[in-house]
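Hi,

Here is the structure I promised to pass on. Have a look first, and my notes on what turned up follow below.

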2 protein chains.
Amino acid sequence: MSAADRVGLRHGAGGRAMRRLIEEVFLGLGGPVEDGVGLAAMDDGAAIRVGDQWVVMTTDSHVVHPRFFPGGDIGRLSISGCVNDLAMMGATEPLGLTCAVIIEEGFPREELERIRDSMQQACRESGANIVTGDTKVMGKGEVDGIVLNTAGFAVTRRVVTDAGLRAGDKLIVTGAIGDHGMAVMTRRHGLDIEGDLRSDVAPINRLVRAALDAGGDDVVAMKDPTRGGVASVLHEFAEKGKVGVVVDEQSLPVHAEVRAAGEMLGIDPLVVANEGKAVIGVRAGSAEKVLAALRAHPLGREAAIIGAAVAERPGQVIVDTGFGRRLLAEIEGEPLPRIC
Amino acid sequence: MSAADRVGLRHGAGGRAMRRLIEEVFLGLGGPVEDGVGLAAMDDGAAIRVGDQWVVMTTDSHVVHPRFFPGGDIGRLSISGCVNDLAMMGATEPLGLTCAVIIEEGFPREELERIRDSMQQACRESGANIVTGDTKVMGKGEVDGIVLNTAGFAVTRRVVTDAGLRAGDKLIVTGAIGDHGMAVMTRRHGLDIEGDLRSDVAPINRLVRAALDAGGDDVVAMKDPTRGGVASVLHEFAEKGKVGVVVDEQSLPVHAEVRAAGEMLGIDPLVVANEGKAVIGVRAGSAEKVLAALRAHPLGREAAIIGAAVAERPGQVIVDTGFGRRLLAEIEGEPLPRIC
């Protein structure tokens, strides 16, 4: 069997390889969703009309390694990831979360309780409630420690997709980029970085609510830049909205530690995973209002307008470095596996 | 660290040990669910009131080993398990399923496609639709092949819980018991059993619909006898309904091959997992009507009344062997790990 006939790590890394695998193998699973967002949309979740509302649904498995990292752990990640995916569809009040745990035989009970406590804390911060669950145990060596799956559902009157950009819209990122991925990478490899490199993992549904309240229908696209980072989000926005995207590199909020780690590792913070951020597309007339609302929230103080959608080069992302422009290639996948 | 401080295989086996782990570690995660079924109910899923309807939600991870077994595979299991859990709450028309896949690096693409095809087939049989998903890849040796998580949601006007039995109610099983667990066990251990030992894995939402249509409000309790088998279900019914349960052993439908395998392995088919069956509690006056409706359905031909709830010995399960009565002890857990 050739390598092409086998699943590789790149297929789980949030970039082109993963999209191809999903398109080629899994998309056939989804039947048509009338008047809604189904599997084929490859959005953060699904939206199904029930009466005059939308039920939004999302799922993610969490396999992050190491399980505990500066700024968070797999428990906090599992709740934040789920709540944030719902919020990215416009559903900022989770009605219920499910939690399925797969544990390796011999896993320390004390670690399990720490993870549980983190989940509980993130539930409190977001107003989420775990309503049902499942527990499986696999034998020693059959799974690496613990895997957490969360699925969530929520109800909303308006769905925000990834496809709403048109030329002229502004792009806002809700804070500094690359913190999560860099914190996990440097911890995993024992790199010694000056300063306080911490994951940004947090539920941001209330921050997103503030943006939606400020911008109303002028908020036209949202996505959380997890695997593949802000770069992947911008590629999805450009492709689905059939617009070009120009990013002003100098405007990107990046913490000094992340910049230093990125230079050491040769990794652009634009392609690094975040777990407490959103990229938001807003009609130009409401951009400053949305920005102000974000900055007024503790989780949005470093929010910035980072670029705009343009009519030229539909489907492409251009970085304006201040000295010139370059095309941002879509990456094959996140630089490291098991980042979330 | 002592063994008591670590998670063991028994903690995932559907019996007392698992219930204790969930009670001690995870129940704290669930906030109160007003006017609904939340985590604390430890039912097949959750039910949350939205307007004049209930949104029902469920989740399960599937880790069955081997992935392909006589009568089915992990793909068919993942859809059936999810659809059946919804149906057990009274929600027989799944509105949407999520599917999260975790794949080991190097997993053969061809197997992935076979699993996808089985999922698709089970979706067709049940009318379910996968609306959103997630793909993760773990490194070689970090997960054993593939793990599938499904979560589902559905809407219903009436929720059927595990707690509705009262003295006098009849207990119906929708078909022969123990097929799934015995098929997986004998395949895993390469046992040579005479005859055609096949898993019963199937979505039974339409069968359950037939029972609900026939019995209406007289259908008062439902649960699918997966890990821990029919015995576990009866213990839950007895405990949650605060009744005794008497099972007529001679009335239990058991295929000859399962009986033979059970005798060879020393395992009572009552404690073995099923993946296409339900145990249904019905008010006595409607029991024959429900039984007839089940038997009229292709998946319910072997349905049988297997016992009744009684006022004596609340919380306990008594087996009437035809020669005498014995208490059925609640097992510590399913005899084999990774049965589903």
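Chain A exposes about 12,000 Å², and carbon and sulfur atoms supply 48% of that area (accessible areas come from the Shrake-Rupley method with a 1.4 Å probe; for residues, only the protein chains shown count as cover). Before you read on: this is a predicted model, where local features need pLDDT of at least 70, side-chain atom pairs count only at pLDDT 80 or more, and totals for chains, interfaces and linings use all residues. Residues are numbered from 1 along each chain as its sequence is written, chains are lettered from A and ligands numbered from 1 in the order in which they are written, and side-chain values use heavy atoms, with hydrogens and water left out.

Chain A as a whole

Of its 340 residues, 63% count as buried in chain A (buried means under 20% relative accessible area, exposed over 50%, partly exposed in between, with a 1.4 Å probe and protein chains only). Chain A has eight helices and 14 strands (DSSP runs numbered from the N terminus: helices are H or I with at least four residues, strands are E with at least two). Its radius of gyration is 19 Å, close to the 20 Å that the globule rule gives for 340 residues, so chain A is as compact as a globular protein of that length (the radius is taken over C-alpha atoms, and the rule is 2.2 Å times the number of residues to the power 0.38). Along the principal axes, the C-alpha atoms of chain A fill a box of roughly 55 × 55 × 50 Å. Take the contacts in chain A between residues at least 6 apart in sequence: 84% of them join residues at least 24 apart (contact means heavy atoms within 4.5 Å).

UniProt, in an unreviewed entry, places the feature "domain: PurM-like N-terminal" at residues 43-153 of chain A (positions are in the numbering used here, feature names are shortened, and annotations may be inferred rather than shown by experiment). That span, residues 43-153 of chain A, is 30% helix and 42% strand, and its end C-alpha atoms lie 15 Å apart.

How the two chains relate

Leaving out residues up to four places away in sequence, B:Thr98 touches residues of both chains, including A:Met57, A:Thr58, B:Thr132 and B:Asn149.

An enclosed helix

Helix H4 (residues 179-188) of chain B has eight of its 10 residues buried, so H4 is largely enclosed by the rest of the structure. The buried residues of H4(B) pack against strand E3 (68-69), helix H2 (74-88) and helix H7 (256-265) of chain B. Just after H4(B), B:Gly190 takes a positive phi of about 60 degrees.

A cis peptide bond joins A:His65 and A:Pro66, with omega about 5 degrees, and A:Pro66 lies in the loop between strand E2 (53-62) and strand E3 (68-69) of chain A. In chain B, a cis peptide bond joins B:His65 and B:Pro66, with omega about 0 degrees.

A:Arg313 has phi near 50 degrees and is partly exposed, with a relative accessible area of 48%. B:Arg338 has phi near 55 degrees, but B:Arg338 is buried at 8%.

Cysteines

How many disulfides does a search of the whole structure find? Zero, over all chains (a disulfide is a pair of cysteine sulfur atoms within 2.5 Å). For A:Cys82, the nearest cysteine sulfur is that of A:Cys123, 9.3 Å away. A:Cys82 is buried, at 2% relative accessibility.

Cheers
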